[in-house]
Amino acid sequence: MTTVDAGRAVARRKSVSGWSGRTIVAVVVAIFVLFFVIPIVWLLLATTKSAHGLIVENPFRPGAIGDLAANWEQLFGFQDGAVTAWVGNSALYALGALVITLVASIPAGYAMALTEFRFRRLLLVLTLIVMLIPNTALVLPIFLELNVVGLIGSPLSVILPMSFFPFGVYLTYIYFSTSVPRDLLAAARLDGCGEFQVFTRVALPLAAPIVALVAFFSFVQNWNNFFLPFVMLPSSEGYPIQVGLTSLLASTPAFNPSSAGTQSVQLPTLALATVISVLPVLIVFLFAQRFLVAGMTAGGTKE
């Protein structure tokens, strides 16, 4: 085989390889669009339609502003404004737990990474073990403990367990172990700073990206938590929006024919409630992207 023929064969193999790669990418993108993008588009368009139009019209044809307004009115008029209370409860639980999580997990990660104390390694191992335990497996023992102290049904029965966030402790531990120069902390101590001042004035400002990352993960987990508040809150008045969706679902004749009546909810209204339930997480994600990227790359290199 001549040099020219060999070059042509290599070019053909590269061309075939390139087409194969593009075909795989196209298939992956098509699957992603089919299973993720199309349902989301349908859900958004469903909020703009009437119950009849949702069934008989083109599923990807936008509805009318009037139908969207009617769905909005029906949703927030459900059970005398229960949805508004549910959204407020979700904000209270998620933000309350977030504050406690940051106050507890950031210093804990710092202490395990940069200080020496008894049982330090044992605490780190326990943190890793608890991270592997499913949250639902902890709900029953937590329920029994809170029942003993009489907190079941109160906001604290949801906020306190949500504040337990070992993943945030571990993320903080990794960051302080790899990305904060120990010489810098030692210099602050030589300048007369106490351990608390070293943490608040030197280490904590450097850890802003990881604090934002822990805050985001904690907020998303708290906002989307369903099983814990479902078990801890016996009354619908204290429900967060994720649990309140079950009441809306039970009041939708398409899923529960016996619910037809004055308080029944139509499918477009249920779709609107679903969109509203995920909207805060989406907004937080859009505004926090820069901090999230910085936090995810933090700790990737060792100083």
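**Pockets and their linings**

Author: The lining of the second largest pocket divides by class into seven nonpolar residues, one polar residue and no charged residues. The model is a predicted one.

Reader: Which residues line the second largest pocket?

Author: The lining is made of Ile40, Leu43, Leu44, Thr274, Val275, Val278, Leu279 and Leu282. Two or more of the lining residues come from each of α1 (3-46) and α14 (267-287). α14 gives the most, with five residues.

Reader: Why is the second largest pocket said to lie between domain 1 and domain 2?

Author: Domain 1 (3-70) and domain 2 (77-297) both give residues to its lining, so the pocket lies between them. About 180 Å³ of space lies in this second largest pocket.

Reader: How much space lies in the largest pocket, and which residues are the closest to its centre?

Author: The largest pocket holds about 370 Å³ of space. It is lined by 19 residues, and Asn135, Leu138, Pro161, Phe164 and Gln221 are the closest to its centre.

Reader: Which helix gives the most to the lining of the largest pocket?

Author: α6 does, with five residues. The elements that each supply at least two residues include α5 (120-132), α6 (135-148) and α11 (208-224).

Reader: How many residues of each class are in the lining of the largest pocket?

Author: There are 14 nonpolar residues, five polar residues and no charged residues.

Note on methods
Residues numbered from 1 in each chain as written. Predicted model: local features only at pLDDT ≥ 70, side-chain atom pairs only at ≥ 80, totals over all residues. Heavy atoms only, no water. 1 Å grid on protein atoms, 1.4 Å probe; cavity = no way out; pocket = protein on both sides within 12 Å on 5 of 7 lines; lining within 4 Å. Points joined across faces, edges and corners; volume = space filled by probe spheres on them. Helix = DSSP H or I, 4+ residues; strand = E, 2+ residues; numbered from the N terminus. Nonpolar A, V, L, I, M, F, W, Y, C, P; charged D, E, K, R; others polar. Domains from an automatic or database assignment.
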